[in-house]
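Here's a quick briefing to read alongside the model. Have the viewer open and follow the topics in turn.

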Amino acid sequence: MKSSIAFRMIWRLVWQILLSSLLSVITSYLLVIILERITRDNYSQRTILLGLYRTFGDTPFIILSCFIFFIIYMILLNWRRFNYYEKLSQSVEHIALKGNFDDAIPVKQRNEVTLLAENMNLLVLELKRSLDEERKAEQTKNELITNVSHDLRTPLTSIIGYLGLIEQDRYRDEVELRHYVQVAYAKAERLNVLIQDLFEYTRMRHNVIPLHIKSFNLVEMMNQLLVHYRLSLESAKMKGNLITNVTELQIKGDPDKLVRVFENLLSNAIYYGSSGGKVDIYLNRQKQSAVVEIVNYGDEIPAADLPYLFDRFYRVDKSRTENKGGSGLGLAIAKGLVDKHGGTISATSDGNSTNFRVRLPLADEKDAPS
């Protein structure tokens, strides 16, 4: 349709000219017949017409008449379009000057102007979407600055406070001094974690995290992960179980980045599911994907919070202090890393368990190590 606009406009103009010419000739001859009959019984009017006829002849009269009627018919044939142009201009002016992007340009008739109106409506919708995204980005940036400022300020204030006590010799003995140093060191470690998470999240958002892709066995990785977290599980009085019916699942990705994903999910499962006494890791193959499910049996995550779990700085426990939980970026980073690998991550929770599911594409057989 778009490629034939010029052709359609030319064709429309041609048939309008032909139709107007035909109608103007017919109307002119009808006008002559009507005038002849009207003036048949009126001597003075007939004398005037005969005088004009003898002076100019019938050809100029017919030509002039045809020209006038041709103009009239062309205007009549295009009047609806001219009126539509006016409404179109008024609508565009209303949207442009007043910023009413919720208004739509009226789409009427079926011609090239209609297509123009439809395209302008698409332009307005795209502009509105861009403005909404810009406002959302600005709001996100402001929220990010606010959250970062708050999360960095809290441990930094503690560090400065305890170091101030030490610098002013405001401690009773060496035991209290070592306690102050330990607290300041712990706060500094937490501050370092926050900064590293923020740095990684920012790099991921700007798509500057390099992936060192290779094929590896996901089953072996999960076994090693459970071994690495054995002491953490024992400290939380929990058991970790790997439940799978396969011995090998080759996937293609960056092992270091995916370890970060599963470490985060396992740490969350230990921290929030300690009351359940165990963490189950289900690992299976589904068609051309490897599916990892990390399940804990602690407190249920409210259904209202599930859609926002992977948003940056989102925390289910709104009253959580900086001493409880992570940076609020862990799940957002995990989702970003999984997305970069072409996978998906989701969460479900009910009264019995909380399940984080990661789906990753399997490596092609030709990429699998022999």
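**The hairpin and its sheet**

E4 and E5 make a hairpin with 2 residues between them, and Lys 287 in the turn has a positive phi of about 55°. Keep in mind that this is a predicted model.

**Strands**

- Put together, the strands make an open sheet of 5 with the order E2-E4-E5-E7-E6 and mixed pairing.
- Strand E2 (239-244) and strand E6 (344-349) are the edge strands, each pairing on one side only.
- On average, neighbouring strands of this sheet are turned by 15° against each other, direction ignored.

**Helices on the sheet**

- Helix H6 (residues 218-228) packs on the sheet and touches E2, E4 and E5. The direction of H6 makes about 170° with that of E2.
- Helix H8 (residues 255-272) packs on the sheet too, touching E4, E5, E6 and strand E7 (354-361). Here the direction of H8 makes about 25° with that of E5.

**The nonpolar core**

- The largest nonpolar core has 47 residues, and those with the most contacts inside it are Leu 218, Phe 262 and Leu 265.
- Who supplies it? At least two residues each come from helix H5 (174-205), H6, H8, E4, E5, helix H9 (330-340), E6 and E7.
- H8 gives the most to this core, with 7 residues.
- Phe 262 is worth a zoom. Leaving aside its neighbours within four places in sequence, Phe 262 is in contact with Leu 218, Met 221, Met 222 and Leu 225, and also with Val 292, Ile 294, Val 358 and Leu 360.

**H5 against H9**

- How do H5 and H9 meet? Their axes come within 10 Å and cross at roughly 35°, and the crossing is left-handed.
- From H5, the contact is made by Asp 197, Glu 200, Tyr 201 and Met 204. From H9 come Ala 332, Ile 333, Gly 336, Leu 337 and Lys 340.
- Sorted by class, the contact of H5 with H9 has 5 nonpolar, 1 polar and 3 charged residues.

**A closer look at H9**

- Is H9 mostly covered or mostly exposed? Mostly covered: 8 of its 11 residues are buried.
- The buried residues of H9 are Gly 330, Leu 331, Ala 332, Ile 333, Ala 334, Gly 336, Leu 337 and Val 338.
- Those buried residues of H9 pack against H5, H8, E6 and E7.
- After H9 comes Gly 342, with a positive phi near 75°.

Definitions and conventions: Residues numbered from 1 in each chain as written. Predicted model: local features only at pLDDT ≥ 70, side-chain atom pairs only at ≥ 80, totals over all residues. Heavy atoms only, no water. Pairing = 2+ DSSP bridges. Helix = DSSP H or I, 4+ residues; strand = E, 2+ residues; numbered from the N terminus. Axes fitted to C-alpha atoms, helices over the stretch in contact; angles between N-to-C directions. Contact = heavy atoms within 4.5 Å. Core = buried A, V, L, I, M, F, W, Y, C linked by side-chain atoms within 4.5 Å. Buried < 20%, exposed > 50% of the residue type's maximum accessible area, 1.4 Å probe, protein only. Left-handed = near helix turned anticlockwise from the far one by under 90°. Nonpolar A, V, L, I, M, F, W, Y, C, P; charged D, E, K, R; others polar.
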